[in-house]
Amino acid sequence: MTRHVSVANLADVPEGTMLRVQVDGTDILLVNLEGSVRAMQGICSHEYFELDQGFLTGDSITCALHLSRFDLETGEALDPPAELPLAIYPVTVQGDGSIVLELPDGPVPVNE
Ligand code: FES
């Protein structure tokens, strides 16, 4: 079973920026990549570090602590030391700009 959770408005995440939000205490990172919003776990899969402190580098994000890059489409870790992918969550942007995540019932899945 899934649930749909509105987490922000598109106006809060202009193109080329990111925003960290929380659902049930779990950090989630929203990224606006050329007008397309992606959602992924907000904490690095390597160690505890907030990914919104990192850098958007084309179609990847670079964690600022040990510089692993992650693919924004798949979550795949592109460089060591991170090995686990980031969990990716399906996103829709509604007509009023609401950014809605599709999440499983229960805890938000995170790779760590
Ligand atoms: S904490 Fe992100 S690469 Fe180490």
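This is a predicted model: local features need pLDDT of at least 70, side-chain atom pairs count only at pLDDT 80 or more; totals for chains, interfaces and linings use all residues.
Residues are numbered from 1 along each chain as its sequence is written.

The chain contains zero helices and ten strands, and its pattern along the sequence is β-β-β-β-β-β-β-β-β-β. Helices (H or I, at least four residues) and strands (E, at least two) are DSSP runs, numbered from the N terminus. The radius of gyration is 13 Å, close to the 13 Å given by the globule rule for 112 residues, so the chain is as compact as a globular protein of that length. This radius is taken over C-alpha atoms, and the rule is 2.2 Å times the number of residues to the power 0.38. Along the principal axes, the C-alpha atoms fill a box of roughly 40 × 30 × 20 Å.

Of the 112 residues in the chain, 29% are buried. A residue is buried if 20 or more other C-beta atoms lie within 10 Å of its own, exposed if 12 or fewer, and partly exposed in between, with C-beta atoms placed from the backbone. Among contacts with a separation of 6 or more, 39% are made by residues 24 or more positions apart; a contact requires C-beta atoms, placed from the backbone, within 7 Å.

An open sheet is formed by three strands in the order 5-6-7, with antiparallel pairing. Its edge strands, strand 5 (55-57) and strand 7 (69-71), each pair on one side only. Neighbouring strands of the sheet are turned by 30° against each other on average, direction ignored; axes are lines fitted to C-alpha atoms, for helices over the stretch in contact, and angles run from 0 to 180 degrees between N-to-C directions. Two strands count as paired if DSSP finds at least two bridges between them. Strand 6 (residues 60-62) is joined to strand 7 by three bridges, and threonine 62 has arginine 69 of strand 7 as its bridge partner.

Strand 2 (residues 18-23) and strand 3 (residues 26-33) run antiparallel and are joined by six bridges. Arginine 20 is bridged to leucine 29 in strand 3. The hairpin of these strands has two residues between them, and aspartate 24 takes a positive phi near 50° there.

The largest nonpolar core has 25 residues, and those with the most contacts inside it are Ile28, Leu29, Leu30, Val31, Ala39, Leu51 and Tyr89. Such a core is a set of buried Ala, Val, Leu, Ile, Met, Phe, Trp, Tyr and Cys residues joined through C-beta atoms within 7 Å. Two or more residues each come from strand 1 (2-9), strand 3, strand 4 (36-41) and strand 10 (98-104), and strand 3 gives the largest share, four residues. Beyond its neighbours within four places in sequence, leucine 51 is in contact with Leu29, Gly42, Ile43, Cys44, Ile61 and Cys63.

Glutamate 102 lies in strand 10 and counts as partly exposed, with 13 C-beta neighbours inside 10 Å. Its contacts, leaving aside neighbours within four places in sequence, are Thr2, His4, Tyr89 and Pro90. Valine 108 lies in the segment after strand 10 and, with 19 C-beta neighbours inside 10 Å, is also partly exposed. Not counting residues up to four places away in sequence, valine 108 touches Val23, Asp24, Thr26 and Leu103.

Definitions and conventions:
Two residues are in contact if their C-beta atoms, placed from the backbone, lie within 7 Å.
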